[in-house]
Structure formats: structure tokens, C-alpha cells
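Open the model in your viewer and keep the selection tool at hand. Each stop below gives something to select and says what is there.

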Amino acid sequence: SVGLTRIEEAFVLGLLAAPSLATKERLYAAIGACHKGGEYDADIKIVDVVACKVRKKLRLVVGVDFETVWGQGYELAPEARRVLECYVFKDVPVRR
């Protein structure tokens, strides 16, 4: 188990939901949606903080990383996406 918090899990799902680049705004919305009542008043910079925490956990436990697209958001390489989808959804086969 990676041991993700609800906010970190929302970040990962937001990253996987994006076809390529997951913008900071999209990830901020994903994080906010998991908050009680949908009210989230943190600054958008929280996305970078969550990304840092998630990146460390994914590297250690799953062995995948995602790229930072400076000033825009985050992106998964195709192979990293496949591995992470398999880990998160467990019934998605890893294709090599």
C-alpha cells in the first residue's frame, strides 16, 4: 500500500484522468472535490506540495514518477501511466 491520504489519492486520480497534461487547476479542483462540503480555500500552490508528497510515495512503493511541466502542471509518461493504473485499479493489466 502506498498509504495515500484522501487529498493525495484525489491528486493521483486527477493525474490519471488527464489524457496527457494534468493542469494545476484541474488537480486543484480534484483535491477540492474530496474536501468536506466541497469547500476548499487553500491556495493553488497546495498542488505543488501534494505533488511533492505523492511523488516520494510513488517512487518508493510503485517505482513510478511523473514529470513537472513548469508553471502548467504534471504529466505521466505512457509506461508510468500503465504501471500506476495497474496499481491503482488492480484489474488493469500492465502492457509492456
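Select Glu8 first: its relative accessibility is 5%, so it counts as buried. Bear in mind that this is a predicted model. The side chains of Lys57 and Glu8 form a salt bridge, 2.7 Å from N to O. This pair ties together distant parts of the chain: Lys57 sits in helix α3 (residues 46–62), Glu8 in helix α1, and 49 residues separate them. Lys57 has 24% relative accessibility and therefore counts as partly exposed. Side chains of opposite charge can pair when their charged atoms come close.

**Stop two: the other salt bridges**

How many salt bridges does a search of the whole structure find? It finds five. Select Arg82 and Glu79 next. Their side chains meet in a salt bridge at 2.8 Å, N to O. Both residues lie in helix α4, three residues apart, about one turn of the helix. Arg82 is partly exposed at 29% relative accessibility. Glu79 is also partly exposed, at 30%. Elsewhere, salt bridges with shared partners join Arg55, Arg59 and Asp65 into one network. Zoom in on Asp65 and Arg59: their side chains meet in a salt bridge of 2.8 Å, N to O. Asp65 is partly exposed, with a relative accessible area of 27%. Arg59 is partly exposed too, at 47% relative accessibility.

**Stop three: an arginine without a salt bridge**

Select Arg81, in helix α4 (residues 78–89). Which side chain of opposite charge is nearest to Arg81? That is Glu85, 4.3 Å away. A salt bridge needs a side-chain nitrogen of Lys or Arg within 4 Å of a carboxyl oxygen of Asp or Glu. Arg81 is buried and has no salt bridge. Show what surrounds this residue. Beyond residues up to four places away in sequence, Arg81 touches Leu15, Leu16, Ala18, Pro19, Ser20 and Leu76.

**Stop four: the nonpolar core**

The largest nonpolar core has 22 residues. Phe11, Leu58, Phe66 and Tyr74 have the most contacts inside this core. Colour by element: α1, α2 (24–33), α3 and α4 each give two or more residues to the core. Which element gives the most? It is α3, with six residues.

Centre the view on Phe11. Leaving out neighbours within four places in sequence, Phe11 is in contact with Leu27, Ile31, Val47, Val50, Ala51, Val54, Phe66 and Tyr74.

Select Leu21, in strand β1 (residues 21–23). Leu21 is partly exposed, with a relative accessible area of 24%. Draw a distance to Gly73. The C-alpha atoms of Leu21 and Gly73 are 6.6 Å apart, while the two residues are 52 apart in sequence.

**Last stop: the surface**

Leu13 belongs to helix α1 (residues 6–17). Its relative accessibility is 36%, so Leu13 counts as partly exposed.

Notes:
Residues numbered from 1 in each chain as written. Predicted model: local features only at pLDDT ≥ 70, side-chain atom pairs only at ≥ 80, totals over all residues. Heavy atoms only, no water. Helix = DSSP H or I, 4+ residues; strand = E, 2+ residues; numbered from the N terminus. Buried < 20%, exposed > 50% of the residue type's maximum accessible area, 1.4 Å probe, protein only. Lys, Arg positive; Asp, Glu negative; His and termini not counted. Contact = heavy atoms within 4.5 Å. Core = buried A, V, L, I, M, F, W, Y, C linked by side-chain atoms within 4.5 Å.
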